[in-house]
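Please look through the sequence and the coordinates that follow.

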Amino acid sequence: MINRRIGVLLGGLGLLLAGCAQGTPAAPTVEPLPTAGLTPSVTVGDQDASAGTVTIEQVVATEPGWLAIHTTRNGAPGPVIGQSQVSVGSNENLEVEIDLAQATGQLFAMLHLDAGEVGEYEFPGADVPVTAGDQLVNVPFNATFPIEPSVTVTDQDISEGNVSIESVIAAAPGWLAIHISQGGAPGPVIGQSPVIVGYNPEVGVAIDLSQATGQLFAMLHLDEGTAGVYEFPGADGPVFAGEAPVNVGFNVTFEVTPFVSVSDQVLAESTVTIDRVSAAEAGWIAIHIDASGSPGPVIGFAPVGVGHNQNVAVEVDGAQATPILFAMLHLDAGVLGEYNFPGDDVPIFDIGGYIVMTQFQLLAEAASAGPVTVSVVDVNFREKEATVPVGTTVTWMYNATLPHTVTSDDGLFDSGTLSSGGSFSYTFDEAGTFAYHCRFHGGPGGSAMAGVIIVEEG
Ligand SMILES: [Cu+2]
């Protein structure tokens, strides 16, 4: 293939030599090369590409080459989805067939050399982009074409804290958000990545593994509010295709350390709430009554999925409840979805050989003037809003695995980093509304992990 290029060069040289030979010694005239005075350029405007072609108004080339249509990848020219040959000189209204299935809303029209096998597009390879000065001859433009939003994702291991989405096709700029599963349906979001109009291959999403569930949902969201800022809950709602959101469930594997965390609580409507249950296998959270300091018979149970389950409600037989209860993790080993205990659904043991359980207290109805407790869980304040009389001391009890803070929006108080077994108290001596947040997982103004204490005149 090198020979062919040399051939072209020699041909040019031959022209030059011929010119010299014919001229008189006094005034040698040189036949101009066909490319003399030409600067490589591309002229293209925004257009409708619904027919699967784009039209390039003009391509000026100084060597035989290609006009290649690149997609957008990370804001720069990405893979090529179509190309047409261009000849030396001006090529007008050049039609280029493109692969709409892989097209992006923004495309790049780029001039390439035909440096390898002539007439064969070799890129990546010999047919590298043309440079004029130190610039590529490359013009971005917008193309419109019919787009059906879709998400393609397969089951995968997410131990590294990343989800990999095979492809996302979006009709507008948006987000690919990873939702955890709550009762088999999409729950809170644990990570998101921006997507552009058209085809987005291999979208990587960093997620909060400490909140992951064994089933996740990859859902397409709009970018409706501030561009480039993920606002959900808020402006950036899901994209709908007809009635249903563009949403695909998939299964993930990752390492989970079995764990149960419960706050002391008032028994409300025969239901206890378990702050967090982390399970490596599908199982049950069972509430055992207190039999002389150790777990006795079970008075209620609820299914837990693989991964991190938060705020699991368990209906119990209130008449049998003891002041101290045990929340214990059991396997779902017998008939799936059926609680077989005593039987196959035995308790789960941790690495240390201990049953995965925790005990908690049932509190009497909270006296209105007494101290008030807010449970700090991963990653929220369980009582997001509490109304208390003036003079009340509020205590935030750490009942989580991640570090958190209790930080006043107005700089009134700050717990510093709370960790295992920690708590923080503040006495509210004046009426008013006092917003606070976690510095790691929330922000002022009620953003994410945040809460409010409303203090009323006694
Ligand atoms: Cu936090």
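In this predicted model, the side chain of Arg276 reaches the backbone oxygen of Ser210 at a distance of 2.5 Å. A polar contact of 3.4 Å also joins the side chain of Arg276 to that of Asp378. Arg276 belongs to strand β23, which covers residues 271–279, and with a relative accessible area of 4% Arg276 counts as buried, because the cut-off for that class is under 20%. When neighbours within four places in sequence are left aside, the contacts of Arg276 include Phe259, Val260 and Ser261, as well as His308, Asn309 and Gln310; Thr401 is also among them, together with Ser210 and Asp378.

Val379 lies in the loop between β29 (372–377) and β30 (380–381). Another cis peptide bond, with omega of about 0 degrees, joins Phe341 and Pro342, and Pro342 is placed in the loop that runs between β27 (324–331) and β28 (357–363).

Of the 458 residues, 42% are buried, and among contacts between residues at least 6 apart in sequence, 63% join residues that are at least 24 apart. The accessible surface comes to about 22400 Å², with 54% of it belonging to carbon and sulfur atoms. As for charge, the protein carries 7 positive and 51 negative side chains, and the centres of these two sets lie 9 Å apart.

Which residues other than glycine have a positive phi? Glu269, with phi near 50 degrees, is one of them, and this residue is found in the loop between β22 (265–266) and β23, the strand that holds Arg276. Glu269 is exposed, with a relative accessible area of 77%, while Arg276 is buried. Ser292 likewise has a positive phi, of about 55 degrees, although it is not a glycine; Ser292 sits in the loop between β24 (283–291) and β25 (294–304) and, at 80% relative accessibility, counts as exposed.

Definitions and conventions. Residues numbered from 1 in each chain as written. Predicted model: local features only at pLDDT ≥ 70, side-chain atom pairs only at ≥ 80, totals over all residues. Heavy atoms only, no water. Buried < 20%, exposed > 50% of the residue type's maximum accessible area, 1.4 Å probe, protein only. Contact = heavy atoms within 4.5 Å. Areas by Shrake-Rupley, 256 points an atom, 1.4 Å probe, with all protein chains shown as cover. Lys, Arg positive; Asp, Glu negative; His and termini not counted. Charge placed at Lys NZ, Arg CZ, Asp CG, Glu CD. Helix = DSSP H or I, 4+ residues; strand = E, 2+ residues; numbered from the N terminus. Polar contact = N/O pair within 3.5 Å; in protein donor to acceptor, adjacent residues only side chain to side chain.
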